[in-house]
Amino acid sequence: MTKVDLAKTVKEELGFSQAESLMVVEKVFSAISSILKEEGRIELRGFGTFLVKKRKERIGRIISLNKPIKVPGYKTVVFVPGKDLKRIG
């Protein structure tokens with residue numbers, strides 16, 4: 001599913017225009033991104049939790065050359081599904 005598909009669903013459910021629906025979806029994603037940057041965590045009860053995790057620096061390997069390389073640490077976003085979402089699967 002893409003953002004456009006999600007906007008179509010919002011349009012059908014709420015009766016918004018396509019442009020309004022796309023704007024709502026964009027604003028929600030933008031708000032989630034902003035909160036993650038500022039706070040590092042956002043919990044949507046019944047759906048799940050988005051967390052910013054720090055990955056440690058590590059030694060990787062270029063397989064074709066069999067040569068070790070240094071992979072720097074970085075931040076990534078992980079999603080932990082809530083109870084209601086786990087029941088779907």
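Which residue in β5 is the bridge partner of Gly48? In this predicted model, the partner is Pro81.

## The sheet

Gly48 belongs to strand β2, which covers residues 48–55. Strands β2 and β5 run antiparallel, and 8 bridges join them. Strands of a sheet pair through backbone hydrogen bonds, either parallel or antiparallel.

The sheet is open and has 3 strands. Their order is β1-β2-β5, and the pairing is antiparallel. Two strands sit at the edges: β1 (41–44) and β5 (74–81). Each of these pairs on one side only. From one strand to the next, the twist averages 25°.

## The helices

Helix α2 takes in residues 18–39. It lies across β1, β2 and β5. Relative to β1, helix α2 runs at about 130°.

Helix α1 spans residues 3–14. Gly15 follows α1. The phi of Gly15 is positive, near 80°.

The structure holds 2 aromatic pairs. One is Phe47 with Phe79. This pair is tilted, with 50° between the planes and 5.4 Å centre to centre. Phe47 sits in the loop between β1 and β2, while Phe79 is in strand β5. The two residues are 32 apart, so the pair links distant parts of the chain.

Phe47 is partly exposed, with a relative accessible area of 40%. Phe79 is also partly exposed, at 33%.

## A loop residue with positive phi

Where is Asn66 found? Asn66 is in the loop between β3 (58–62) and β4 (67–71). Its phi is near 55°, a positive value in a residue other than glycine.

Is Asn66 buried or exposed? Asn66 is exposed, with a relative accessible area of 54%. The cut-off for exposed is over 50%.

Technical notes. Residues numbered from 1 in each chain as written. Predicted model: local features only at pLDDT ≥ 70, side-chain atom pairs only at ≥ 80, totals over all residues. Heavy atoms only, no water. Pairing = 2+ DSSP bridges. Helix = DSSP H or I, 4+ residues; strand = E, 2+ residues; numbered from the N terminus. Axes fitted to C-alpha atoms, helices over the stretch in contact; angles between N-to-C directions. Contact = heavy atoms within 4.5 Å. Buried < 20%, exposed > 50% of the residue type's maximum accessible area, 1.4 Å probe, protein only. Expected span 1.5 Å × (residues − 1). Phe/Tyr/Trp six-rings, centres within 6.5 Å; stacked < 30°, edge-to-face > 60°.
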